[in-house]
Amino acid sequence: MQLPRFPQSKSEWKAALSTNSSDEKSSQWINKDLAPTPKAERTWSWISLSSYWWGNAFNASQWSNGASLISANLISSSVALALGRPGAKYHIGYPVLARSVFGMYGQLFFVWVRAVVAIIWFGVQSYFGSQLLGVLLRCIVGNSWWHMANHLPESAGISSRDLLAFFLFWMIEMPFLIVHPSKIKFLFAAESIICPLACVGVFAWCVHYGGGIRVETLASTTPVSAGGLGWAMMNGINSCLGVTSALLVNQPDLTRYTRRPKDAGWRQASSIFASKTLIFFFGIGATAATQGKFSQAYWNQWDLLNAILDRFWGPAARAGCFFASFGFTLSILGVNIGCNAIPFGADVTGLQPKIFTIVRGQLFCGLVSLAIVPWKLLTNGSSFLTFLGSYNIFISPICGIVIIDYFFIKRGNIHTPSLFTPARGTLYYYTKGWNLKALGCWVAAALFGIPGLVGAYHPSAVAKAATHMYQMGWVLCFTVAAAFYFGINVLLPARVVPDGYESDAKPFEGFADTEGYLEGDALVEFRGVEIHEGQEPVSGSASFSLEEKV
């Protein structure tokens, strides 16, 4: 067997890095992962999406959030349902959908906004996963792992043991990053079964050991006024929605692979609501049950498992904590793939389609995440983490604008060929490639949260009203962006159909019946490299295949 030849010349490197197929040439606007998902890759069912949410809900971030409110779960499930609809109907991901909302060039900024945070969270979640992997290795190896000699200085911010666990978890992640999103659903199916069982097992043990859930152990001894309680609840809603922001925006990147639009419907939304309600209950309940006997509240899953091992070291405790840490580690793996790697891969594909495919982007995410040095962020980067926590004031306006644009402005009608046509005067070119109305509404909405963000760093520098606005940042910025965008489009109506089709009145999602094509349109395709035996390659245009629609 002949090994692949390593590129030698500049032209060979260029050919190796190219995203061209054997028949088609990629461009600034399209490659195989930006083109509408072909039917052969529409493999996700409603079970696949429900598995994704069930598995990803039972993770360390959700467990330790510490504030579950039914209203927050209702909002997140409703927003996810709405944002997933365009992907399920037109089989396009977020970077391409954003062109219809923000413009052919404007979408680059709003794709970049999401990509930057995704790569940071990939590193942070990898660190969380390594902590759980450390518990698993402690159960297997025993004290030789737990008491491993540390050869790193204190300034490193991490011990030799934890650094080894981090790289071990990172290496476990890498093979999953070469799997295309259309085929990764089996990982989510596995974690949707194993992770909830792990959570139920830990919760049941904690309740049994603690003699029941003792909520009074978590209660504050400081009296809280009615107004203070209300703002605390609002802050809880904001925290819950902030944790799920990344999952909400990337919905089209997943629903584009569904077999039928109804697969991204109410069954997915009910899975979001049920799974998130349960995990918050398990996290709070387990902590409340054990705090009295442990004399400390362990909100992190790995801290709780290590506390159990410290007090009950033996074969039973090691076996129980092994299976629990395995389930929790699997959940972190699924979260990192589904919520960070896939969105980042889709984003960089939209930013540089001549170089990146989704799989290449996922691998790039894994490699660059090492430069984040997440343990430094979590131990010494409090200011940076405060800014990262404010992510929702920048993401929620995007959610509001996309939903209003799809459901109320365009009434569910997206013209697919125009998404790949950046010429002046085309439907989504707007003003020099920017939808200034959407950009202005996003800026205006984000400004409502900026004073509170300043107050997070300097509490005495802003009024109390600004702090309250920041506490309800997700809901406030989402509502402001949605209201402003709807209002400005009432005053200045947007063009929603291509020139020459103005007289064709279409019902809600009328374009979706033909997947975004009108009579006489050409199909937007990007043929793959796979040529079956006995089949001749089909030639295409210089950028993507255009075939007259029948």
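**Notebook: helices, rings and core of a predicted model**

I began at valine 475, which lies in helix α22 (residues 473–491). I take helices (H or I, at least four residues) and strands (E, at least two) as DSSP runs, numbered from the N terminus. Residues are numbered from 1 along each chain as its sequence is written, and side-chain values use heavy atoms, with hydrogens and water left out.

**Valine 475**

I found valine 475 partly exposed, with a relative accessible area of 23%. The classes I use are buried (under 20% relative accessible area), exposed (over 50%) and partly exposed (in between), with a 1.4 Å probe and protein chains only. I then looked up asparagine 238: it is 237 residues from valine 475 in sequence, but the two C-alpha atoms are 7.1 Å apart in space.

**The chain as a whole**

I counted 22 helices and two strands. Of the 550 residues, 53% count as buried. I define a contact as heavy atoms within 4.5 Å. Among contacts in the chain with a separation of 6 or more, 84% join residues 24 or more positions apart.

**Helix α6**

I checked the length of helix α6 (residues 106–141): its 36 residues at 1.5 Å a residue should span 52 Å, and the end C-alpha atoms are 53 Å apart, which agrees. The expected span is 1.5 Å times one less than the number of residues. I noted that 29 of the 36 residues of α6 are buried, so the helix is largely enclosed by the rest of the structure. Glycine 142 follows α6 and has a positive phi, near 95°.

**Aromatic pairs**

My search of the whole structure gave 29 aromatic pairs. Rings of Phe, Tyr and Trp (its six-membered ring) pair if their centres lie within 6.5 Å; planes under 30 degrees apart are stacked, over 60 edge-to-face and the rest tilted. I examined tryptophan 29 and tyrosine 105, an edge-to-face pair at 5.3 Å centre to centre with 75° between the planes. Tryptophan 29 is in the loop between α1 (10–17) and α2 (46–57) and tyrosine 105 in the loop between α5 (94–102) and α6, so this pair ties together parts 76 residues apart in sequence. Tryptophan 29 is buried at 9% relative accessible area, whereas tyrosine 105 is partly exposed at 29%.

I next took phenylalanine 110 and tryptophan 442, which are edge-to-face at 5.3 Å centre to centre and 90° between the planes. Phenylalanine 110 belongs to α6 and tryptophan 442 to helix α19 (residues 436–447), so the pair ties together parts 332 residues apart in sequence. Both residues of this pair are buried. I also traced one aromatic cluster made up of Phe102, Phe109, Phe110, Trp112, Phe394 and Trp442.

**Nonpolar core**

I define a nonpolar core as buried Ala, Val, Leu, Ile, Met, Phe, Trp, Tyr and Cys residues joined through side-chain atoms within 4.5 Å. The largest has 141 residues, and Phe102 and Ile401 have the most contacts inside it. Helix α6 supplies the largest share of this core, 18 residues. Leaving aside neighbours within four places in sequence, I listed the contacts of isoleucine 401 as Val101, Phe102, Ala438, Cys441, Trp442, Ala481 and Tyr485.

Conventions
This is a predicted model: local features need pLDDT of at least 70, side-chain atom pairs count only at pLDDT 80 or more; totals for chains, interfaces and linings use all residues.
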